[in-house]
Amino acid sequence: MIPESVSVRQRGSYDFESCYDHLCALQGIVPLLFVKAHLKNALLDINGDKVKLVDWDPILNAIKINKSLQYVAVRSYYQPTANNGKRAHYFRRRTPVVRTKDITLRIARSIAACVARSTAVRCIDLQGVPLRGKDLQILAKGISKNQSLTHILFDYCQISDKGVEILCQALRSHPTVTHVSMNGCNITSTGANFIAKLIKHQSTLRHSEAWAESLRYRTPNLRLMGGIRRITLNSNPMIGDAGILSFNEALRDDLWLKALDFQHCGITTPGVHSLITAIEHNNTIVVLDVRRNPMVDSNTLRKLLRRVLVNANENDETEFPWVKEEVPKDPYKTGRYRHPRPVNRSLTKRFGKSQRLNRTSEGIPEVRPPGHESFVPWRTAVRASQHKYGFQEDDSDDNEEQSEILCLNKNQTVDSEQSLTFCSSTAVNEKLELEQESSLTQAESQVYIKRLKVDLLDSQRRLKASVENERRLNEQVMKLEIENAKLQKELSVSIENTRMHSQLEDELLLDSIETSFNKFHDFLNLLNEVGLGSLAKAAGLDGDFGLPGISGSKRGSNSQNNLLAKSLKPPVENETMQAQTPIIIKGNTSTNEKSGSVDENISESDLVVDTKPTELSRKVYEKDFVPAERILKSGENSDEDF
C-alpha cells in the first residue's frame, strides 16, 4: 500500500530506503537486506527468485513513486526444465513468483510510472523476466515519456519479434537512449528488420539535424547528437543471414552507430562478406562482433575485424569495449553442486557404504535370462568372478596340507599315494606360478598406467602452452595488421594531399606566367598605339605576337584603357616614370617656329633604347622627347614648342 500522507510520499520519492522501511512496517514484514544493499549509490538490484509474494508489495510501491534511483534492475536466474524425464522428481524446484503473469504486470506498471516521472533514472535492466505483450506496451508508454534514459537491457526476457516491434516504436524519437540490449530474446530475421528500420529512421533525423547545424559555415558535432550508438543481439540464432542483409542497407549511410554485437546468431560466411562490403566506406563503426558463429570462416572473420579495428580510437575502445557472451549465473549459488539422493534409501541404510557392489569390468558378468542353460544368479556370478583364479595366496599352505591329508587318508598303495602327492604338489606349483605371473602383470600394468598418466599430463601441459602461444601470436598479428592498415590509410591521405598541393602550385605558376605575358603584350600594344612600333621591330619582336587565347581587339582595348589610365595620372608621376625608363631618340629634327609643326626624318638605325641614361641623354630626353599625352590630342594644332 502507498502511504497516504503527502509529506511521507514527497520524502519517499527522493529516499527509497526510508519509504521501503515505512511500507514494510505498515504491512508488518521485515525489509529484505539484499534490496537495500546498493541504495547508497542510487542502485536498486533485485534478485526476483529470492523475493516472496508478500515481499513484492512494498518494493513495487516504493519504485512507483521514486524519483532518485539511477539504476533499476530486476533479475531472474530460474531456468525451467522439462518434467518428462525419469529423473525429473530429483530436480523438483518451485517456480519463483517473479515469473507469474500478475507479478510481471505489476513490475511493468511500477517501472513505467517511475520512468515517466523521474529525471534521474539512466538504466533499466530486466534480465530473465518473461515479459508479455501487455507488459511491453506499458513499459513502452513510460519510456516514450522519459527524457533521461540511456541504457535499456532486456536480456533473456523472451520478448520475440512482437516485443521488438513495440520497443522500436517507442525508441524512434527518443533523444537520449544510446544502448539497447536484447540477448537471448528469440528474435528472428523479422525482428532484425524492425531494428534496421529504427536505425534508418534515426539516421535520417540526425542527417537533417546535422544539415541545420552546418548552416552559416558551422561544423556540426556528431558526437553530441542523440540516438542509439550500440545494439547487442547475442544468442539469437534465428537471425541468420536474412537479418544481416537488412542491417547492411542501414549501415551504408549511417554515421553514428558505433557497435553491433552478433555473437551466436546463425551467421555464415556469405553474410559476413556482405557486412564487409556494407562497411567498406563506413569510418564510424568500431565494434562489429560476429564471433562464436561456427559457420564463419576464420580468414573472413579476421578480415572483418581488421577492417573494423582500423576505425577505433583510444576513446572509442574504452567507451565501446568488446563484450563476451556469457550465460547469466546466480551470484548466490557459490557452493558446489549437490547430487540428488536416490528415492529408495533402504538399501544404503541396511547395508551401508561397505556393502555397495564394486561394478568393474571384471566384476559384472554377462547376464542371462532365467531358464537359460547358462543362467546364474547375479550374486553367485559376482562371487565367482571375484575368485576365478581359485583360492587366495594366504591359504596356499593350508590347501597343500589338506590335499596331502586327503591323499593319505585314502586306502591305496604307496605308489598311488606318491602319485597323488606328486599330482597335488604339481597342481599347487602351477597355481603359484599363475598367481606370480598375474601379480607381475598387475605391477607392470600399474607402472604402465602411471607412465601413461604422466605422458597425458605432459601432453596436456604442452597443448595449453601451444594454445596460449597461438593466441598471443594471433593478437600480435592482428595488431600488426591494424597498424599496417592505419599506415596505408595515412600514406594514401598524404599522397592525395601532396597531389593537391602540387596541382595548386602548378596552377599558380601558370597564372603568374599568363599575367606576365599579358602585361608584356599590353606594353607592346602601348608602343604601337604611341607610334613606337618600330622599337619592337628593332628589338626583334612582332607586334602581332600574342597568346592563342587572346585576340587582337582585346589586346587593343586593353592598351587603350592603359593609355587612358596613364593620361589621367598627374604629371609628376609621368615624369618620374619616364625618368626611370627613358627612351632616347637620336636623329635630325627640324622645327618650324611659325607653324609649330615637327619634321621627323628619323631612320630605324638612329633609334637607340638606353635603359641607363647619362646626363647627355637626359638633356636630349628633356628637349626632344614628344610625350604621349600630346599625341593623343588628335586634331589640335598648337603653336607651342614640344
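Trainee: Which residue forms a salt bridge with Asp 458, with the closest N and O atoms 2.6 Å apart?
Mentor: That is Arg 461; the closest N and O atoms of Asp 458 and Arg 461 are 2.6 Å apart. Please keep in mind that this is a predicted model.

Trainee: How are Asp 458 and Arg 461 placed in helix α15?
Mentor: Asp 458 and Arg 461 are separated by about one helical turn, because they are three residues apart in helix α15.

Trainee: And what about Arg 462 and Asp 458?
Mentor: Arg 462 also forms a salt bridge with Asp 458, and here the closest N and O atoms are 3.5 Å apart. Asp 458 and Arg 462 are four residues apart in helix α15, so about one helical turn separates them.

Trainee: Is Arg 461 buried or exposed?
Mentor: Arg 461 counts as exposed, because its relative accessibility is 53%. Arg 462 is exposed too, with a relative accessible area of 57%. Asp 458 has a relative accessible area of 26%, so it is partly exposed.

Trainee: How many salt bridges are there by this rule?
Mentor: The count comes to 13 salt bridges. One of the pairs is Asp 261 with Arg 230, whose side chains meet at 3.1 Å, N to O. Asp 261 lies in strand β7 and Arg 230 in strand β6 (residues 230–232), so this pair ties together parts that are 31 residues apart in sequence.

Trainee: Are Asp 261 and Arg 230 buried or exposed?
Mentor: Asp 261 and Arg 230 are both buried.

Trainee: Which residues are linked in a network of salt bridges?
Mentor: Glu 468, Arg 471, Arg 472 and Glu 475 are linked in such a network.

Trainee: Changing topic: where does Gln 263 lie?
Mentor: Gln 263 is in the loop that runs between β7 (259–261) and α9 (269–278). It counts as buried, because its relative accessibility is 0%.

Trainee: What does the side chain of Gln 263 reach at 2.9 Å?
Mentor: The side chain of Gln 263 reaches the backbone oxygen of Val 323 at that distance. Leaving aside residues up to four places away in sequence, Gln 263 touches several others, including Leu 233, Asn 234, Asp 289, Arg 292 and Lys 324.

Trainee: How many aromatic pairs does the count come to?
Mentor: The count comes to two aromatic pairs. Phe 16 and Tyr 20 form a stacked pair, 6.2 Å centre to centre with 10° between the planes. Phe 16 and Tyr 20 both lie in helix α2 (residues 16–27), four residues apart, about one turn of the helix. Both of these residues are buried.
Mentor: In the pair of Phe 247 and Phe 262, the ring centres are 5.2 Å apart and the planes stand at 70°, so that pair is edge-to-face. Phe 247 belongs to helix α8 (residues 240–252) and Phe 262 to the loop between β7 and α9, so the pair ties together parts that are 15 residues apart in sequence. Phe 247 and Phe 262 are buried.

Trainee: Which residues form a nonpolar patch on the surface?
Mentor: Leu 509, Leu 510, Ile 513 and Phe 517 form it, with about 370 Å² of accessible area together. Ile 513 is found in helix α15 (residues 414–530), and it is partly exposed because its relative accessible area is 37%.

Trainee: And the whole chain, how many helices and strands has it?
Mentor: The chain has 20 helices and 12 strands. Of its 642 residues, 32% count as buried.

Notes: Residues numbered from 1 in each chain as written. Predicted model: local features only at pLDDT ≥ 70, side-chain atom pairs only at ≥ 80, totals over all residues. Heavy atoms only, no water. Helix = DSSP H or I, 4+ residues; strand = E, 2+ residues; numbered from the N terminus. Buried < 20%, exposed > 50% of the residue type's maximum accessible area, 1.4 Å probe, protein only. Polar contact = N/O pair within 3.5 Å; in protein donor to acceptor, adjacent residues only side chain to side chain. Contact = heavy atoms within 4.5 Å. Patch = residues over 30% accessible without salt bridge, like charges linked within 9 Å, V, L, I, M, F, W, Y side chains within 5 Å. Areas by Shrake-Rupley, 256 points an atom, 1.4 Å probe, with all protein chains shown as cover. Salt bridge = Lys/Arg side-chain N within 4 Å of Asp/Glu carboxyl O. Phe/Tyr/Trp six-rings, centres within 6.5 Å; stacked < 30°, edge-to-face > 60°.
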